[in-house]
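Have your viewer ready and try each task before reading on.

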Amino acid sequence: MGGAGVSRLEGGGIKIGGIEAICLVDGGQVFGEDVFPDLPEAEREARLAAAGLTGAETEFNAYVLRHAGGIDLVDTGCGTVFGDKGGRMAGLLAGLGIAPGDVTRILFTHLHGDHAGGAVAEGSAVFPQAEVVMHRDEAAFWQGKDTPGGAVLRAYARITLVEDGADLGHGIRAWFLPGHTPGHMGFRLGQGAVLVGDIVHSEALQLPDPALGPKYDSDGALAALSRRAALDEIADSGLIWSGSHMLGPGKFARLVRDGKGFARGPL
């Protein structure tokens, strides 16, 4: 694998610089037709068929980042938020030899339930030694609310609030991508890879038309701007990317331009 000192790890992860990045899939589901209300049914079906899908499938991805400073999680999976559709993180981490107390930090893309639900159980921190990192606008939005995000803010004692471009050490930087939520962000890994959170919920439906957004975006117009800018940079700079709802065994990919939109390219 060429470019920016990136190599493959056994099992599908990547190593870039001193960071090992591994994707963990905490279940999935199929989005209903109401999730993308602005997409006509015929176009929806055509895009899904072109991708070899019969429905708008999604998976719930979180990440382990191993580096000299310890073990970071990027998001924590669903916990009990979606019942048997998620909640597998403990077993997935155990498979990597990681106990809850081994996690040094949790880097949140945002605090929706499929990203933050696995951080708290019965009101207590699941990862008791972890420092929590999130964008300051995300914390402000969820503070005091009876949601998985609000529960995170109540359960964790060490919370660090950051802004765009914050240096998180070990080659990791915050990348502010607002619109899905007020403080939604991704992460830059070294010079050649990025984790983009929820800028894309369905590659099949949204990559051909990055203006298309799901009903979950708190500010659809801003989310579309963030999505387009991020996809432009990924494609034009030849970055490796992974998204929190990316499908399939290949969780890290390149991006190529395809007409007015984009398509996933080979790693």
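**Exercise 1.** Decide whether Phe 31 and Phe 36 are buried or exposed, and find the geometry of their ring pair.

*Solution.* Step 1: Phe 31 has a relative accessible area of 4%, so it is buried (buried means under 20% relative accessible area, exposed over 50%, partly exposed in between, with a 1.4 Å probe and protein chains only). Step 2: Phe 36 is buried too, at 1%. A word on the source: this is a predicted model, in which local features need pLDDT of at least 70, side-chain atom pairs count only at pLDDT 80 or more, and totals for chains, interfaces and linings use all residues. Residues are numbered from 1 along each chain as its sequence is written, and side-chain values use heavy atoms, with hydrogens and water left out.

Step 1: apply the pair rule, by which rings of Phe, Tyr and Trp (its six-membered ring) pair if their centres lie within 6.5 Å; planes under 30 degrees apart are stacked, over 60 edge-to-face and the rest tilted. The count comes to five aromatic pairs. One of them joins Phe 31 and Phe 36, edge-to-face, with 6.3 Å centre to centre and 80° between the planes. Step 4: Phe 31 and Phe 36 form one aromatic cluster with Tyr 216.

**Exercise 2.** Classify the ring pair of Phe 141 and Trp 142, then locate Lys 145 relative to the ring of Phe 141.

*Solution.* Step 1: the ring centres of Phe 141 and Trp 142 are 4.9 Å apart and the planes stand at 90°, so this pair is edge-to-face. Step 2: Phe 141 is partly exposed at 31% relative accessible area, while Trp 142 is buried at 10%. Step 3: the charged end of Lys 145 sits over the ring of Phe 141, 3.8 Å from its centre (the rule asks for NZ of Lys or CZ of Arg within 6 Å of the ring centre and within 35 degrees of the ring normal). Step 4: Lys 145 also lies over the face of Trp 142, at 5.6 Å from the ring centre.

**Exercise 3.** Which residue of S16 is the bridge partner of Val 256?

*Solution.* Step 1: strand S15 (residues 254–258) and S16 pair in the antiparallel sense over five bridges (strands are DSSP E runs of at least two residues, numbered from the N terminus, and two of them pair if DSSP finds at least two bridges between them). Step 2: Val 256 has Ala 263 as its partner. Step 3: S15 and S16 form a hairpin with two residues between them, and Gly 259 in the turn has a positive phi of about 65°.

Methods:
Helix = DSSP H or I, 4+ residues; strand = E, 2+ residues; numbered from the N terminus.
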